[in-house]
Amino acid sequence: MLPNGLTVVTERMDSVRSVAVGYWVGVGSRDEPADLSGASHFLEHLLFKGTATRSSAEIAEAVDEVGGDLNAFTTREYTAFEVRLLSDHLDLGLDLLADIFWSPAFRPAEVETERDVILEEILLAQDEPSDLVHDLLAEALFPDHPLGRSILGTEDTIEAMARDDIAAFHATNYLPGSVVVAAAGDLDHDAIVDGVASRMTDRDGAAAVARTPPTAARSSTCDAPLVVERDVEQAHVALGLPALDRGDPDRYALEMLVQTLGGGLSSRLFQEVRERRGLAYNVFASRVGYEGAGALSLYAGTAAKNVAAVLDVFREQLDALATSGITARELAVAQGHVRASILLGLEDSGARMARLARSQLVHGEVPAIDDVLERFAAVTVDDVRRVAARLLQGVEPALAIIGPSAVS
């Protein structure tokens with residue numbers, strides 16, 4: 001950790017000639033006041049629009065000239081800015097990331113241009129019902145809470161957001177104590193630390209993020225399912241329940257439950273909904289963990305006439321898990337799948353960098369990969385049964401549907 005509170009984590013990979021570097025700040029859409037909903041995502045765009053010394057075209061040209069990849073993304077709890085390039089050009093990558101992260105220009109004309117781009121992005125999201133239904137489910141699971149808002153914000157908040165509001169949000173939240181700089185690839189740790197430190201501004205401290213968890217009691221989430229009528233060929237169905245937060249020790253057992261429920265070709269949902277009954281092409285289950293909250297969701301895209309049948313299968317499978325858990329064979333398959341997914345997903349420098357940054361930012365540590373694999377391998381059938389009972393018994397799911405009028 002640097003004296004100003006910024007944390008640097010690295011991993012050397014002897015078999016590659018690239019390096020990936022990321023600046024990750026622990027502030028996302030859940031940390032925005034309601035009238036600034038979408039500010040983190042707006043910032044994600046604006047930081048690429050230029051600095052005091054570089055235009056957006058000059059930033060893009062510098063990266064293209066060395067064949068690099070510059071990217072960013074926003075989540076509900078953090079925002080990341082990343083570059084991946086040959087290790088020969090590491091200094092350029094550090095220069096660019098530090099410049100855009102600490103010294104964005106926020107030129108008024110560029111703010112207005114990017115405002116229009118984001119408004120188009122919001123319209124595009126409205127045209128992607130398979131994605132939009134998950135925003136609706138979040139709204140149903142976390143009503144009147146920032147976790148229930150879209151990361152993009154709304155047309156109203158984006159149109160009303162002033163240039164100075166965005167600049168103030170950056171100045172207040174993009175502080176060293178809330179930032180993890182991660183790097184992986186062909187690198188030297190001390191050189192990365194020195195490179196990051198030498199490019200720091202005089203900022204200090206950490207963002208004063210005060211996160212309130214959603215209301216725990218949700219006994220009647222299905223009283224008002226969110227149904228949006230759209231003239232589309234398929235109905236997009238998402239069923240969800242509150243789940244474990246990001247630090248809960250039972251999260252490894254929950255991952256086994258989710259994998260068995262809807263994580264692969266042999267999962268219960270895939271086999272029952274698609275293979276046996278032909279009700280959907282795309283069906284899966286997933287989970288997400290936040291600070292103080294979490295969610296388990298089931299999704300399928302299906303014909304309007306099949307919505308009721310799909311929902312019946314969803315509820316049957318949840319009830320079966322709540323009462324009986326999973327079998328030893330299902331656990332073995334889930335453990336093998338998760339182990340391979342982790343290892344195969346870490347075969348490039350960008351993925352390794354992201355693991356470092358996310359682990360340090362979210363959990364305050366970067367466990368060895370073998371330790372993570374051992375935690376999954378240690379899960380027992382009884383562990384999964386206990387978690388299933390804990391999460392699924394006596395809880396009515398939330399429901400979101402987007403589709404033709406026949407589904408309502």
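A: Tyr78 is buried, at a relative accessible area of 12%, whereas Phe73, at 27%, is partly exposed. Buried here means under 20% relative accessible area, exposed over 50%, and partly exposed in between, with a 1.4 Å probe and protein chains only. Do keep in mind that this is a predicted model: local features need pLDDT of at least 70, side-chain atom pairs count only at pLDDT 80 or more, and totals for chains, interfaces and linings use all residues. Residues are numbered from 1 along each chain as its sequence is written, and side-chain values use heavy atoms, leaving out hydrogens and water.

The structure holds 13 aromatic pairs. Rings of Phe, Tyr and Trp (its six-membered ring) pair if their centres lie within 6.5 Å; planes under 30 degrees apart count as stacked, over 60 as edge-to-face and the rest as tilted. Phe73 and Tyr78 make an edge-to-face pair, 6.4 Å centre to centre with 75 degrees between the planes.

Phe142 and Tyr290 have ring centres 6.4 Å apart and planes at 75 degrees, so this pair is edge-to-face. It joins distant parts of the chain, 148 residues apart: Phe142 lies in the loop between helix H5 (129-141) and helix H6 (155-160), and Tyr290 in strand E8 (residues 283-290). Helices (H or I, at least four residues) and strands (E, at least two) are DSSP runs, numbered from the N terminus. Both Phe142 and Tyr290 are buried.

Finally, one aromatic cluster is formed by Tyr23, Phe48, Phe81, Phe101, Trp102 and Tyr174.
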